[in-house]
Amino acid sequence: MIKEKILVIGACGQIGVELTLELRRIYGGAQVVASDLREENELLKGTGPYVSLDVMNKEMLHVQVIRQNITQIYLLAAILSATGEKNPNLAWHLNMQSLLNVLEIAKEENIHKVYWPSSIAVFGPTSPKKNCPQQTIIEPITVYGISKYAGEFWCNYYNHRYNLDVRSLRYPGLISYKSQPGGGTTDYAVEIFYDAFEQKKYKCFLKENTYLPMMYMPDAIRATIELMEADAKNISVRTSYNISGMSFSPKEIGDEIKKHIPDFKIIYEPDYRQTIAESWPQSIDDSVAKKDWKWKPHFDLSLMTTEMLENIQ
Ligand code: NAD
Ligand code: AKB
């Protein structure tokens with residue numbers, strides 16, 4: 001059996017840190033090369049190899065893939081929804097070119113598997129709001145959503161045309177305490193915990209009744225690895241799978257936090273991110289992922305809130 005050697009690109013981001021640590025636990029520290037533009041994250045130090053890498057530099061990426069004998073690539077570098085609206089050209093350029101660089105090198109170097117995440121941001125105002133299905137009307141209004149939707153079809157194209165084993169999940173908003181979120185619309189659901197703990201109050205940039213699909217990071221990491229380890233014959237979706245964890249509004253998560261911090265207060269000052277949030281579904285139908293590779297979320301709002309507050313302390 002071939003020993004896998006994995007390259008994680010964007011390893012110092014919100015997902016990258018936890019995913020790299022979990023991949024190192026499974027495959028061994030030396031088998032998982034972490035890479036990013038940023039300095040190595042403190043939690044990654046001493047757990048395995050780290051290289052400084054700009055995924056936009058295709059030649060350098062290619063050199064690293066050959067030099068390190070890479071067999072799998074996880075591409076996590078991207079500009080997220082809220083930051084993307086501030087610089088749409090940059091977001092489009094990074095989100096698209098990084099994926100094309102990885103897919104092209106993966107094809108040339110016979111990489112066994114590629115992982116690239118999509119997002120619920122592919123959906124737009126014309127998609128169903130509740131239990132949004134795997135296949136439906138998809139008309140995103142953010143540059144981030146447009147880049148994710150285009151990216152899904154590039155993944156599908158490389159799978160069909162070149163038989164490249166590329167797999168993808170449409171993550172909901174992710175909630176974590178090990179590394180900070182990086183410029184998304186769902187970031188409020190992480191910030192709220194830190195402000196509740198430190199100041200007992202939070203100013204929310206979304207309206208109180210804005211429901212969004214969310215997931216606690218341990219579920220997201222498990223989903224990623226379960227998808228990547230699934231038998232290829234069970235993968236029927238080569239664009240990107242819907243996955244679902246929980247759905248809540250700022251008021252509901254505020255009420256849940258109040259069960260632990262009774263004098264916690266939340267005020268609402270919606271900004272440009274409200275329009276983005278309102279364009280996304282409130283909940284997601286993940287029945288295809290459940291059927292194909294037996295996906296099952298573990299954390300609900302109450303369990304996630306308890307764990308977040310315990311760990312922030
Ligand atoms: P993040 O912004 O926290 O991390 C991205 C990392 O990529 C950063 O460490 C950044 O330094 C690095 N990076 C940026 N440009 C780079 C470059 N040119 N070369 C190398 N590295 C570069 O993002 P995240 O939240 O960890 O998201 C990872 C992926 O998951 C993205 O594709 C994102 O769209 C997707 N996603 C995230 C969420 C979420 O809630 N976090 C939800 C849906 C989808
Ligand atoms: C964002 O808010 O941009 C991300 C996402 C849902 O893709 N968290």
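**Exercise 1. Which strand does I175 lie in, and is I175 buried or exposed?**

Keep in mind that this is a predicted model.

Step 1. Find the residue: I175 sits in strand β9, which runs over residues 173–175.

Step 2. Check its surface. The relative accessible area of I175 is 0%, and buried means under 20%, so I175 counts as buried.

Step 3. Look at who surrounds the residue. Setting aside neighbours within four places in sequence, I175 touches Q14, A189, V190, F193, M214, M215, Y216, M217, F248, M304 and M308.

Step 4. Q72 and I175 are 103 residues apart in sequence, and their C-alpha atoms are 26 Å apart in space.

**Exercise 2. Work out the strand order of the open three-stranded sheet with parallel pairing, and say which strands stand at its edges.**

Step 1. Read off the order: β6-β8-β12, paired in parallel.

Step 2. Count partners. β6 (118–119) and β12 (241–242) each have a single partner strand, so each has one side left without a neighbour in the sheet. Those two are the edges.

Step 3. Zoom in on one pairing. β8 (residues 169–171) and β12 run parallel and are joined over two bridges. In one of them, R170 has N242 of β12 as its bridge partner.

**Exercise 3. Decide which residues of helix α8 are buried, and what covers them.**

Step 1. Pick them out along residues 250–258: the buried ones are P250, I253, G254, E256 and I257.

Step 2. Ask how they are arranged. They span an arc of only 160° around the axis, so they lie on the same side of α8.

Step 3. Recall the helix rule. With 3.6 residues a turn, residues three or four places apart in an α-helix point the same way.

Step 4. Name the cover. Among the elements over the buried residues of α8 are α6 (188–199), β10 (201–204), β13 (246–248), β14 (265–268) and α11 (301–312).

**Exercise 4. Judge whether the radius of gyration of the protein agrees with that of a compact globule.**

Step 1. Buried residues make up 56% of the 313. Among contacts with a separation of 6 or more, 79% link residues 24 or more positions apart. In all, the protein has eleven helices and 14 strands.

Technical notes. Residues are numbered from 1 along each chain as its sequence is written. Chains are lettered from A and ligands numbered from 1 in the order in which they are written. This is a predicted model: local features need pLDDT of at least 70, side-chain atom pairs count only at pLDDT 80 or more; totals for chains, interfaces and linings use all residues. Side-chain values use heavy atoms; hydrogens and water are left out. Two strands pair if DSSP finds at least two bridges between them. Helices (H or I, at least four residues) and strands (E, at least two) are DSSP runs, numbered from the N terminus. Buried means under 20% relative accessible area, exposed over 50%, partly exposed in between (1.4 Å probe, protein chains only). Contact means heavy atoms within 4.5 Å. The radius of gyration is taken over C-alpha atoms; the globule rule is 2.2 Å times the number of residues to the power 0.38. The arc is that of the directions from the helix axis to the C-beta atoms.
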